[in-house]
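Here's a quick look at a pocket and at a pair of helices. Have the model open while you read.

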Amino acid sequence: MGGVSHFFFVSLQRKPTYTHQNSKMKLKIAVLAGDGIGPEIMEQGVNVMNAVCEKFGHEVSYKEALCGAHAIDEVGDPFPEETFQTCMEADAVLFASVGDPKFDNNPNAKVRPEQGLLAMRKKLGLFANIRPVTTFDCLVHKSPLKDELVRGADFICIRELTGGMYFGEKKEGTDVAYDTNYYTRKEVERILHVAYQYAKQRRNHVTVVDKANVLASSRLWRAVAQEVAQQYPEVTTDYMYVDNAAMRMIQEPKFFDVMVTENTFGDILTDEGSCITGSMGLLPSASTGEHTPVFEPIHGSWPQAKGLNIANPLAQILSVAMLFEYFNLNEEGALIRQAVNASLDQNVRTPEIQVEGGAKYGTREVGQWIVDYIKGN
Ligand code: IPM
Ligand code: MN
């Protein structure tokens, strides 16, 4: 089995628009399926969401909106105003993936699908990106790391998501170019508090990852972290340079409980983290902050697999679990996790994690199996 039984959300929780007295909820979901494999895995995520809502008596409605490359193709904007409004009016956003190779190899492209994702993060104030790295015992052999290093590894990376180089002042000339790693005390403080809140519900251990031996922005991070740490005496804090953290994650992933870091370092380290698990197709994430929260797989749009019914829908399905848990619907989340674990245990798996000689299941078949499990349990 493996994996946490359910995921705690702390401090940023908002309430859905309507809550009935008898804990039946009415959820309005914005669906941003995006590009590549996005629509296929989203379909399975929505099917699972429907099955759970039906079972627990929640009412759910969806509104689809354009985002990414196909939004550029259709309306010339990767995150159109209408999509923003749809997100703002929803209780939660279910997001799949954006990106298209026709933009990747063209450094002169004026607009890129990824800008849609960044605009969404900024406009919704999603400063806290929560990326759990959990392992599944039955998949440990898929990890490039040794069994004994991986088994039982369970940490979360809290990545700052609306600051740093991604959003600082930029210049893009032909001879000179720069990005500014701009951070304010307030931005650093609020993300650190999120990390400590999580640590208190877990193993009381925070690792602050920075490059304070070189970068001014990192020295601000570290100074603020030293202040904030004093407010959480029950939590052990350590400070680690990012290069060292990258190494430690591979040497001893079980060292970590809650890791907190700036936008760019968090981007890089969470790809590394996903590798520990063995498949990128397994990890969900949540982005929370000032407005509507967003739930999405950490993987990209894998355009080469589009339409082939081979993409793993589990990261999307587990993103739905995180969505329920965000609204304190922990039983709902737990049932999804149980279904996912059962599917893995019974080798109902997409090709990249299937055992040798095992039956072939596609995106749809895995999704359907999980829906049937939810209905029957
Ligand atoms: C991620 C992605 C994005 C990022 C890209 C697609 C802009 O890699 O969510 O990690 O760099 O943040
Ligand atoms: Mn990334």
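## Who lines the pocket

Helix H5 gives the largest share of the lining of the largest pocket, at four residues. H5 spans 113-123, and the other elements that give two or more residues to this lining are strand S4 (92-97), helix H4 (101-104), helix H10 (263-277) and strand S13 (294-297). Keep in mind that this is a predicted model.

In total, 27 residues line the pocket. If you want to find its centre, look for Val-98, Glu-114, Leu-117, His-299 and Gly-300, which lie nearest to it.

The largest pocket holds about 520 Å³ of space.

Where does the pocket lie relative to domain 1 and domain 2? Both domain 1 (1-127 + 283-377) and domain 2 (144-277) give residues to the lining, so the pocket lies between them.

## H1 alongside H13

Now for the helix pair. Helix H1 (residues 38-56) and helix H13 (residues 363-376) have axes that come within 9 Å and cross at roughly 5°. With angles under 35 degrees counting as roughly parallel, that makes H1 roughly parallel to H13.

On the H1 side, the contact is made by Glu-40, Ile-41, Gln-44, Asn-47, Val-48, Ala-51, Val-52 and Lys-55. H13 answers with Thr-363, Arg-364, Gly-367, Gln-368, Ile-370, Val-371, Ile-374, Lys-375 and Gly-376. Sorted by class, this contact has seven nonpolar, six polar and four charged residues.

Key:
Residues are numbered from 1 along each chain as its sequence is written. Chains are lettered from A and ligands numbered from 1 in the order in which they are written. This is a predicted model: local features need pLDDT of at least 70, side-chain atom pairs count only at pLDDT 80 or more; totals for chains, interfaces and linings use all residues. Side-chain values use heavy atoms; hydrogens and water are left out. On a 1 Å grid over the protein atoms alone, a cavity is a set of points where a 1.4 Å probe fits but cannot get out, and a pocket is an open set with protein on both sides within 12 Å along at least five of seven lines; lining residues have an atom within 4 Å of a point. Grid points are joined across faces, edges and corners, and a volume is the space filled by probe spheres set on the points. Domain bounds come from an automatic or database domain assignment. Axes are lines fitted to C-alpha atoms, for helices over the stretch in contact, and angles run from 0 to 180 degrees between N-to-C directions. Angles under 35 degrees count as roughly parallel, over 145 as roughly antiparallel, 65 to 115 as roughly perpendicular and the rest as oblique. Contact means heavy atoms within 4.5 Å. Ala, Val, Leu, Ile, Met, Phe, Trp, Tyr, Cys and Pro count as nonpolar, Asp, Glu, Lys and Arg as charged, and the others, Gly among them, as polar.
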